[in-house]
Each structure stands twice: as structure tokens, then as C-alpha cells.
Amino acid sequence: MSEPAPTPEEAAPQGSFRARHALLKRLADVVSLPTSRVNAFERAVTGDLLVEMLRLASPEDRKRVAARLAPLAELPNALARMLLRDEPDIAGLLIEQCASLSDADLVACARDASVEHRFLMANRRALSEVVTETLLSFGESQVIEAVLRNTSARLSQVAVEGVVSLSRADRGLCAHLLKRPELRPSGAYVMFWWSGPDDRRTILQRFAVSREVMQEVAEDVFAMAAEENWQDPVSRKALQFIERRQRNRAAIDKSPYSSLEQAVEAAATHGLTREVATEIAYLSGIKPLTGAKILGDSGGEPLAILCKATGLAKSDLAGLWRSMRRPETAADGSPDPAWERVQVTYEMLAVDRAQTVLRYWNWSLSSALTPALLRAIREGEEDGVDDYSAPERAAMLALAENFGR
């Protein structure tokens, strides 16, 4: 029987095996036939034979076959597994173009192949939560950034929390995270502590939310809790987060200062000592640990949030700024950039929204800080992170540097 004349695509380079090249092309054509021409078993057997040939084929031949098979709606599994683990420029043809690849195919490729494969996969359209979680789990900055830039990819909350944690060391991820619709206020509030000025502004503009709806639905619950003498710690803690009043009136009775303003004035006059800082925290309705984190922040924006949330005037903000020995002007006499940012932060925030941020910080940094969590922070535990609540995980991240991690 006479052999069909080879097509131009089958014309092998001089010195290669023309029959092998032609057969690879013909077998790929069989795999590509519609179901009306070849059934699933025939396609599978042809695919198995093609895999055996491709193991010994040149990269150029494997690339031609991958390009031929990439548009298929159905691809033999063994063939997909082999090509996905091939060199990146070969595997990339399937990763980028083949719609028939399942999540299982992509996850297996991500786990078995190289960072180059994962980077290509990160740019694939319509990635599911299962695939993106696998890609992000390797902690590779270029892959993570590509996933975050991929607007068609879907991220799980576990994956988002993982990237929030990674952004503490790789702060370039913050800006990309802030563009993701999956990011929630809990993640944004904790990321605030290590974000740059522009990202901090974005966080406050997007995530400093009002508690008005919660206040409306819980309005009569305050009276119920008061009748019970606030004995239930669960409802008491939640209502403390919701209520409109920020300052701790009960703290005035135990304080040497008659008001929060007087404590701030003492700090501005005599300097911010540890004792005065503690009193300011108590009078502001937050724990000393939260106050220390705010007053120790190098950027200064948390100080503006504290002052706005507690109803302190702009002059009190200036007094606190001076008490911390922070400059108001630069060497050339122009306004200090950090002080300018702090004033803008104070002006841009409504009281209720500033309170939301402040209370979440206090909730996560102190109220959630149990002895077990404190030990986990010191020891750098990561394996049991799912056993902790959102505010507890926020505390682990925000306070890690304070405990030497």
C-alpha cells in the first residue's frame, strides 16, 4: 500500500526521522477527532501510544503536539499529565489555552512542576479557589503577585489570610491585595500596621466602615444587658464593639486626670511617660497594649485615628505629636510629610468609622490575647492557625514583631 505524501507540517528537518514526525502528527490528529469519529476508548488508547512516543521525541516535536492538542475540549488524561510537566514553553501551551484541564490537573501540575509552571498557571483565566490556594501555598512572590493581578481568578478566605500574613515580610503585596474583592476588613485592619502611607490611606477609605446598622438593630439590647448587670461576657464584648461611646467613663474615677484632654495636656507639657500613656489608653476605652502599639507606630496615622475616635480636638492631636517628640517641620522649614499625613488622616475620617478601626484593633490586639495565643505568637506557631478566630489571627500577625519574631 502506498504511503500518503507528507503534508508541509509533517516535513521533518533534514537528518531526523520523517516517519516518527509524521506519525506523531497523525496520532495527534486522531486524538483531536470529534466523538462522532472516534469513541472515548479509541481516543484513550491513541493517547497512550502518543505518550510513549513523546517520551523519546524532541522538544520541538512535543511542542508541536502540545500546540495541536491545546484547543481540544477533551484530552486523554495521561497525555495531559505528561505535557503539563514538560518544559515551561511546552507545558505553557496547555496551561494558557487548554480549557479542558480540570482543577485536579492544575493542582497536580502546581505541586509537581516548577515555579515557572506555577507562574504561567497564575495567569490562566478563571482559576478556582482550589487552584489559587495551591499556587499561593508555595509562598513565591512572583506567583502570588500574578495571582493577585489575575482579575478572573477566585480566592478563598484562607488564601487571602495567608497572603496577608506573607505581606508582612513582602510589603509589595499590600497594594495588590487591596485591589482584591475578597479582602475583608479584618485582613485590611491588621495589614494597616505594616502598610505604606498610600496603602494606609486606601485601607481607611475602603474599609473604615460605619456601625450604624449594628447600632440600630442592637439599640434595645443594651437595656436588656444592663438589666442582667452585664453578666454575660459574650454579649458584653460584642456590645462594647457596637456602642457609640468610645471613652471609658468609669476609668475617670480611678485616674489622676479628670478627663482624657487633661491626660493629653500632661503628656504635651511633661512628655509622654509610660504612666501617662497607660492613662490615655484607659481613658480612651482601649487596653494599654493597644495604646502602646498606636503610640509606637512610626507612621503616625493610628494616632490620628485614636484622636478622632475619642473626640479629641486637632490641638490635642498636635499636643500628643509633640509629646512623642515627632517633628512638625522639615529641616528646610516646610511641613513634615509624616505630620501632614497624620493631619489629613484626622480630617478625612468620620468619628464612627475611626471608632470601628480603633475598636477592631483593641479587640484583636488585647481582648483576643489569651495566654495560649500569647504563647503561639512567641513560638511562631503556624500549623494551628485555623484553630484561632479572626481577631486572634490578627493579633498573631500584628504583634509578632513586638515579641521578637
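**View 1. A negative surface patch of Glu 212, Glu 216, Glu 219 and Asp 220**. The model is predicted, so local features require pLDDT of at least 70 and side-chain atom pairs pLDDT 80 or more, whereas totals for chains, interfaces and linings take in all residues. Residues are numbered from 1 along each chain as its sequence is written, and side-chain values rest on heavy atoms, with hydrogens and water left out. Glu 212, Glu 216, Glu 219 and Asp 220 together form the patch. Patch members have over 30% relative accessible area and no salt bridge; like charges are joined within 9 Å, and nonpolar side chains (Val, Leu, Ile, Met, Phe, Trp, Tyr) within 5 Å. Lys and Arg count as positive, Asp and Glu as negative, and His and the chain ends are not counted. Each charge is placed at NZ of Lys, CZ of Arg, CG of Asp or CD of Glu. Glu 219 sits in the loop between α14 (212-217) and α15 (221-227); helices (H or I, at least four residues) and strands (E, at least two) are DSSP runs numbered from the N terminus. Glu 219 has a relative accessible area of 59% and is therefore exposed, where buried means under 20%, exposed over 50% and partly exposed in between (1.4 Å probe, protein chains only).

**View 2. A nonpolar surface patch of Val 213, Met 214 and Val 217**. The patch covers about 280 Å². Areas were computed by the Shrake-Rupley method with a 1.4 Å probe, and for residues only the protein chains shown count as cover. Met 214 belongs to helix α14. This methionine is partly exposed because its relative accessibility is 34%.

**View 3. The salt bridge between Arg 43 and Glu 74**. A salt bridge is a side-chain nitrogen of Lys or Arg within 4 Å of a carboxyl oxygen of Asp or Glu, and by this rule the count is 21. In the pair shown, the closest N and O atoms of Arg 43 and Glu 74 are 4.0 Å apart. The pair links distant parts of the chain, with Arg 43 in helix α2 (residues 40-55) and Glu 74, 31 residues apart from it, in the loop between α3 (59-69) and α4 (77-84). Arg 43 is buried at 5% relative accessibility, whereas Glu 74 is partly exposed at 40%.

View 4. The closest N and O atoms of the salt bridge between Asp 112 and Arg 85 are 3.0 Å apart. Asp 112 lies in helix α6 and Arg 85 in the loop between α4 and α5 (88-97), so the bridge ties together parts 27 residues apart in sequence. Asp 112 is exposed at 53% relative accessibility, while Arg 85 is partly exposed at 32%. Ser 114, in the loop between α6 (103-112) and α7 (115-122), is partly exposed at 23%. Ser 114 and Arg 85 are 29 residues apart in sequence, and their C-alpha atoms are 8.5 Å apart in space.

**View 5. The salt bridge between Arg 154 and Glu 129**. The closest N and O atoms of the pair are 3.3 Å apart.

View 6. Helix α21 (residues 301-309) is mostly covered, with 9 of its 9 residues buried. Among them are Glu 301, Pro 302, Cys 307 and Lys 308. Glu 301 also takes part in a network of salt bridges with Arg 200, Asp 297 and Arg 341. Just after α21, Gly 311 has a positive phi of about 80°. Cys 307 is buried at 0% relative accessibility, and Cys 109 is likewise buried at 0%. With a disulfide taken as a pair of cysteine sulfur atoms within 2.5 Å, the count is 0.

**View 7. Positive phi at Ala 126 and Trp 230**. Ala 126, a residue other than glycine, has a positive phi near 60° and is found in the loop between α7 and α8. Trp 230, also not a glycine, has a positive phi of about 55°. Trp 230 lies in the loop between α15 and α16 (233-242) and is partly exposed, with a relative accessible area of 34%.
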